[in-house]
Amino acid sequence: MTQTTDRPVDQAADALLEEDYGVPWALEDHHREWQRAMRDFCTREVAPGAAERSIEGRFDADLARAAGRLGAYGLLAPERFGGGGADLRTLCVAAEELARVDSSLAVTVHVQAISVALLAHLAQGRDDLLEEVLPSACTGETFVSFGLTEPTGGSDAGNIATTARRDGDGWVLNGAKQFITNSGTPFSRYVILFAATGDAITPETVAARGRRPVSAFLVPLDAPGVTVGGPYAKMGWRASDTHPLFFDEVRLPAEALLGEEGRGYREALGFLTWARLPIAAMSTGLALGCLDDVRRFVADRTSFGAPLGGHQGVAFQLADIAALASTARVMTYDGAWKYDRGMPIAKEAATAKLVASEAANKAAYIATQLEGGYGFVQESAATRHYQDARILTIGEGTSEVQRLLLARGLGLPV
């Protein structure tokens, strides 16, 4: 079934999508140079074997190392600590290109890149810590994961049940996190953990304050009392690494605290705002990947004596995917362009995340429908995109959360 196996993006699709549906106003020459490097990497090293890795649910350590050699993990980190010192559009370009062929590697890179950026932000002024962790994190020799989501929290990110209590000069952690990407790889070393802190965490104080004070900590995954649970059997992102984490009387030194005590929730919200844009870029890339695959499919098939793509009903559905991808791309890079200029982006990030993730799901549905039985087998790129698309309306804030944020921005009392 050669119609649906992973192959490089063809030149005709490139011309169609980047000349007519591109965002030239948002990308500068260095972005386009990076885009070419990413596309070459994806063609040579990522696309081959993407179907097999997904079917097997196999995290490929060698491929992850290759992404590190390319510089993808440290894009947003300061150059003096081994990072690229790049802007958010650069990360969005990487996320889009990777997700066009392999969303599992895209989310691996995304989580590492944004976690490295968050650590650099939270540990400003602590050069000893940054010099110890960031250089190897930028190359991918050290993975730093992001520990916010909990078994009982869901979309209510402020409902933190994991606690950190003071004990002498240090801290003691107890609790659990779930769905933590990059937490069980051969490179996984740390998690940026968000935990409730304060001298009196009781139902009464929570009611009075509205929510528990939350702080951020850098926790070594090999610390006594830390347990990395077994890998999840996931529907999508199957070749990425995802585990639950458990903390039982984990003792940490005072310097494990990142940033100011009690400001962790605010930092997490600020982080999640801009981190939605690379997810929107992944959604854009996935929609483009669907278009790449289904265009090849209809070019290779005939139906009722005519090329499959020559039927108006089929051609119009490909046009719908192109329109969805174009809309997602414009929304994504509009937000990233504004962020890189220091402009507020809360509305833009929520809009891009909502529009792009919903578009990716629609594109994946159309692609699998058009490919018929071929779109229902695991070897098909369209099938993998369909499986991977579903999490995009959930991760980094559900579609419902994005609608809530946008409704509040309209002044509605929700």
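**Exercise 1. Strand β5**

Determine how many residues of strand β5 (residues 214-220) are buried in this predicted model, and find its pairing partners.

*Solution.* Start with accessibility. Strand β5 is mostly covered, with 6 of its 7 residues buried.

Next, take the pairing with strand β4 (residues 188-196). The two strands run antiparallel and are joined by 7 bridges. Within this pair, alanine 196 lies opposite valine 214 of β5.

Then turn to strand β8 (residues 257-258). It pairs with β5 over 2 bridges, again in the antiparallel sense. Here alanine 216 stands opposite leucine 258 of β8.

**Exercise 2. Helices α9 and α11**

Classify the packing of helix α9 (residues 264-300) on helix α11 (residues 346-370), and describe the contact by residue class.

*Solution.* First read the geometry: the axes are 8 Å apart and the packing angle is about 20 degrees. Angles under 35 degrees count as roughly parallel, so α9 is roughly parallel to α11. The crossing of α9 past α11 is left-handed.

Now list the contact. On the α9 side it includes Thr273, Arg276, Leu277, Ile279 and Phe297.

Finally, sort by class. The contact of α9 with α11 has 17 nonpolar, 4 polar and 2 charged residues.

**Exercise 3. Helices α9 and α12**

Work out the relative direction of α9 and helix α12 (residues 381-389), then name the residues that meet.

*Solution.* The axes of α9 and α12 come within 9 Å and cross at roughly 160 degrees. Angles over 145 degrees count as roughly antiparallel, and α9 and α12 are therefore roughly antiparallel to each other. As for handedness, α9 passes α12 in a left-handed crossing.

From α9, the residues in the contact are Leu286, Gly289, Cys290 and Asp293. They meet Ala381, Ala382, His385, Asp388 and Ala389 of α12. By class, the contact of α9 with α12 divides into 5 nonpolar, 2 polar and 2 charged residues.

**Exercise 4. Glutamate 348**

Decide whether glutamate 348 is buried or exposed, and identify its contacts beyond its neighbours within four places in sequence.

Once neighbours within four places in sequence are set aside, glutamate 348 is in contact with Asp334, Gly335 and Lys338.

As a check on distance, consider arginine 296, which is 52 residues from glutamate 348 along the chain. The C-alpha atoms of these two residues are separated by 33 Å.

**Exercise 5. Helices α6 and α7**

Repeat the analysis for helix α6 (residues 103-122) and helix α7 (residues 127-139).

*Solution.* The helices pack at an angle of about 160 degrees, with axes 11 Å apart. α6 and α7 are therefore roughly antiparallel to each other. The crossing of α6 past α7 is left-handed.

The α6 residues Gln112, Val116, Leu119 and Ala120 meet Leu130, Val133, Leu134, Ala137 and Cys138 of α7. Sorting the contact of α6 with α7 by class gives 8 nonpolar residues, 1 polar and no charged.

Methods:
Residues numbered from 1 in each chain as written. Predicted model: local features only at pLDDT ≥ 70, side-chain atom pairs only at ≥ 80, totals over all residues. Heavy atoms only, no water. Axes fitted to C-alpha atoms, helices over the stretch in contact; angles between N-to-C directions. Helix = DSSP H or I, 4+ residues; strand = E, 2+ residues; numbered from the N terminus. Parallel < 35°, antiparallel > 145°, perpendicular 65-115°, else oblique. Left-handed = near helix turned anticlockwise from the far one by under 90°. Contact = heavy atoms within 4.5 Å. Nonpolar A, V, L, I, M, F, W, Y, C, P; charged D, E, K, R; others polar. Buried < 20%, exposed > 50% of the residue type's maximum accessible area, 1.4 Å probe, protein only. Pairing = 2+ DSSP bridges.
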